[in-house]
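The following paragraphs lead through the structure shown below.

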Amino acid sequence: MFRDLTTTLVLTQAQLKARYRNTVAGIVWVILNPVIMFGAQAIAFKHILKITIEDYYLYLLAGLVPWIFVIMTIQMATPILAGSGPILKAFKLNPIILIFSQVLDNLLNFMLAFSIMFIPIQMMYGPPAWTIILCILPLFLMLIGISSLCTSLSLTQVFYRDTNYVVNFITGVMFFVHLYSSHQKWSRQNMLGYLTFTSPIFTSMRFELVSIILIGTILFWPSVSAF
Amino acid sequence: MRSGLGIGIKMNSISDSKPILEITDLNIFFELDYHYIASVREKFIQAVQNPLEFFSPSADKLHVLKDINLKLYHGDRLGIIGVNGTGKTTLCRCIAGMYVPDKGTVRTSGEVRAIFDTAVGILPELTGRENAFLLSRFLYPNISKAERNDIVNDALDFTELGHFLDTPYRTYSKGMQTRLSLSLISSLPTDLLILDEVFDGADQFFQKKISKRVLDMINKSGSVIFVSHGPEQILQACNRAILINNGRIAFDGSPEEVIKLYQNLHHVRPTA
């Protein structure tokens, strides 16, 4: 088990290196990708469609960046086992290592992007910077959920090669359905009502940003884990 | 004898009572998906005549390995010979723990190391050097970092690939990939070593060079299973051999007897 874990970490490090090799922007893509999506959606939904969500940029940060992580991980991990046949047949290797290393690779990209985007948001809205530590538990839960889901999908893809197409279709639809359905309930004042076990803590300490991050994670995670 | 691998070796004798490998009544089945070419008219007729079978076809099962019983002791250098598709690689993968038997058991004591394809890179975008370090993780998971550095650097020097080691692995020819993999897998001995047609792809000069290194490792390892289509290689490297025919062990004996039987069975002309 420990050996598989260290092998996973080594493979994750190697994948991070391989991902940005021979690219012009390199590791900057970690930031560029979510920033571009953030900017595009902020302009499209806030300024063009005039969506009436209070603190929309905060909402977008809480939801969009974890969503990119979830979607990219699922889409990249689903075909991994089917495509790694030559490696798996060449020598003995626990196949789950390949999936977990892809998940960890994307997680590191997500954490870096989120941390950097957190800085301007924190400056705009003011909650203490140390509140980001409270994201550890939801992140851990999300990691477990995503890893389990990716393992199931990747194993299914080995036997039913249309799994990948179904995943791409459903994740595309889910994004827009979620955007439409969630904005009706969202507001800074009433969202704390959805945090049944944490609301007393956050109400008293006014960690609105952390609450938003938790909601963003929790809202997306059940819809993904419902698979 | 100096043909084939080019280096003579001292035959080892069976010396230990506890088997390193014990296979009992091993059977392996594979499911096969057939996709016959058929016209639209033929498919329509099939769908109408037998709709259940058409829309949910039951997979055929191929009985790959049949009632295999085998024991390997310390010092055994077992050669496996047989025609293509007869189950040699399947048997080796089962021993390596990559396949679960449908029936029977495979018991090993000690570390098993196997490699089935020498032209596989983990991450083709990385350089040969980086892939070598990564591959060493999978082949030698229990060694320290310092030991790993020594082994990999020694193997990289042995490949004679020079500055190509720092170019992407995807740009390598098959021969270069084979050089890298063979040099790496022949770095450390182990309890049970499985080599499945590993010399394919290596050029004649490197084959001679790597043979000495591989044979040195074979001699230091507990037991070896060596799969090859070349009778000369089996004669050079092994003190025992089995002939696999249609998924069964047709004969188990000395390499000379097995090769003679193999050549007679398939009307192969013996080489000088």
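Among contacts in chain A between residues at least 6 apart in sequence, what percentage join residues at least 24 apart? The share is 77%, where two residues are in contact if their C-beta atoms, placed from the backbone, lie within 7 Å. The model is predicted, and local features therefore need pLDDT of at least 70, side-chain atom pairs count only at pLDDT 80 or more, and totals for chains, interfaces and linings use all residues. Residues are numbered from 1 along each chain as its sequence is written, while chains are lettered from A and ligands numbered from 1 in the order in which they are written.

Chain A contains 10 helices and 0 strands; helices (H or I, at least four residues) and strands (E, at least two) are DSSP runs, numbered from the N terminus. Its pattern along the sequence is accordingly α-α-α-α-α-α-α-α-α-α. Of the 227 residues in chain A, 28% are buried. A residue counts as buried if 20 or more other C-beta atoms lie within 10 Å of its own, as exposed if 12 or fewer do, and as partly exposed in between, with C-beta atoms placed from the backbone.

One helix pair in chain A can be described in detail. Helix H3 (residues 56-77) and helix H7 (residues 136-159) of chain A pack at an angle of about 25 degrees, with their axes 9 Å apart. Axes here are lines fitted to C-alpha atoms, for helices over the stretch in contact, and angles run from 0 to 180 degrees between N-to-C directions. H3(A) is therefore roughly parallel to H7(A), a term for angles under 35 degrees; those over 145 count as roughly antiparallel, 65 to 115 as roughly perpendicular and the rest as oblique. The crossing of H3(A) past H7(A) is right-handed, in that the near helix is turned clockwise from the far one by less than a right angle, anticlockwise being left-handed. H3(A) contributes A:Pro66, A:Val70, A:Thr73, A:Ile74 and A:Ala77 to the contact, and H7(A) contributes A:Met142, A:Ile146, A:Leu149, A:Cys150, A:Leu153 and A:Ser154. By class, this contact has 9 nonpolar, 2 polar and no charged residues. Ala, Val, Leu, Ile, Met, Phe, Trp, Tyr, Cys and Pro count as nonpolar, Asp, Glu, Lys and Arg as charged, and the others, Gly among them, as polar.

The contact between the chains takes 16 residues from chain A and 18 residues from chain B. On the chain B side, strand S5 (112-115) and helix H4 (128-139) each supply at least two residues. H4(B) gives the largest share of that side, 5 residues. The side of chain B that touches chain A comprises 13 nonpolar, 1 polar and 4 charged residues.

Within chain B, strand S7 (residues 223-227) has 5 of its 5 residues buried, so it is largely enclosed by the rest of the structure. In a regular strand the side chains alternate between the two faces of the sheet. Both faces of S7(B) are covered, with B:Ser223, B:Ile225 and B:Val227 buried on one side and B:Val224 and B:Phe226 on the other. Strand S3 (residues 77-81) of chain B runs parallel to S7(B) and is joined to it by 4 bridges; strands pair if DSSP finds at least two bridges between them. In this pairing B:Gly79 stands opposite B:Phe226. Strand S6 (residues 192-196) of chain B also pairs with S7(B) in the parallel sense, over 5 bridges, and B:Ile194 stands opposite B:Ile225.
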